[in-house]
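Me: I'm new to this one and would like to learn how to read it. Could you walk me through a few features?

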Amino acid sequence: MKKDIKIPEVTDVEIAIVYEYNDLYKTDDWNVYIINNKNVDLEMVVIVTQGFSDKKITSLFRKKINVLPANSYAKIELIQPELFKLNNRFQVTFFEGNTLFEKTFILKENTIKEGALRMITELKKRGILAE
């Protein structure tokens, strides 16, 4: 029965867009990170990203992380500024123990900009957290 299905709430996992200097290419880049603030490892983490608006949809990007250790983070992808005019969706699925968790994070169109940057303590970098 539907009433018997319990969907666990995702807490202490975040998606951040960070504006940072790339030493290799000598450029300022926007990168997407996943942050695990839990005291347990996340296993089989799958992130599916897509930009969208009423008139446009980008192709899907998928990233898998076998294990994201407790209280750590990982860089997912470089994000191009042209995508900031779209809504950006990040669907995160992972196992914590034997339980499957899923959460969709959204960064709304035109919210990713230098003026919105705040210090993200876990990364020690300036960025924007997705809702």
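Reply: Happy to. Let's start with Gln-91, which is found in strand β6; helices (H or I, at least four residues) and strands (E, at least two) are DSSP runs, numbered from the N terminus. Keep in mind that this is a predicted model, where local features need pLDDT of at least 70, side-chain atom pairs count only at pLDDT 80 or more, and totals for chains, interfaces and linings use all residues. Residues are numbered from 1 along each chain as its sequence is written, and side-chain values use heavy atoms, with hydrogens and water left out.

Me: Is Gln-91 buried, partly exposed or exposed?

Reply: Buried means under 20% relative accessible area, exposed means over 50%, and partly exposed is in between (1.4 Å probe, protein chains only). Gln-91 has 29%, so that makes it partly exposed.

Me: Which residues is Gln-91 in contact with, leaving aside neighbours within four places in sequence?

Reply: Contact means heavy atoms within 4.5 Å. For Gln-91 the list is Val-46, Ile-47, Val-48, Lys-103 and Thr-104. Asn-22, on the other hand, is 26 Å from Gln-91, C-alpha to C-alpha, and 69 residues apart from it in sequence.

Me: How do I read aromatic pairs, and how many are there?

Reply: A pair of aromatic rings is described by the distance of the centres and the angle of the planes. Rings of Phe, Tyr and Trp (its six-membered ring) pair if their centres lie within 6.5 Å; planes under 30 degrees apart count as stacked, over 60 as edge-to-face and the rest as tilted. By this rule there are four aromatic pairs. One of them is Trp-30 with Phe-84, edge-to-face at 5.1 Å centre to centre, with 80° between the planes. This pair links distant parts of the chain, 54 residues apart: Trp-30 is in strand β2 (residues 27-36), while Phe-84 is in the loop between β5 (72-78) and β6 (87-96). Trp-30 is buried at 7%, and Phe-84 is buried at 8%.

Me: What about Phe-94 and Phe-101?

Reply: Their planes are at 5° and their centres 5.4 Å apart, so that pair is stacked. Phe-94 is buried at 1%, and Phe-101 is buried at 9%.

Me: Which charged residue lies over the face of Phe-101?

Reply: A charge sits over a ring if NZ of Lys or CZ of Arg is within 6 Å of the ring centre and within 35 degrees of the ring normal. Over Phe-101 it's Lys-38, at 5.7 Å from the ring centre. Likewise, the charged end of Arg-89 sits over the ring of Phe-52, 4.3 Å from its centre.
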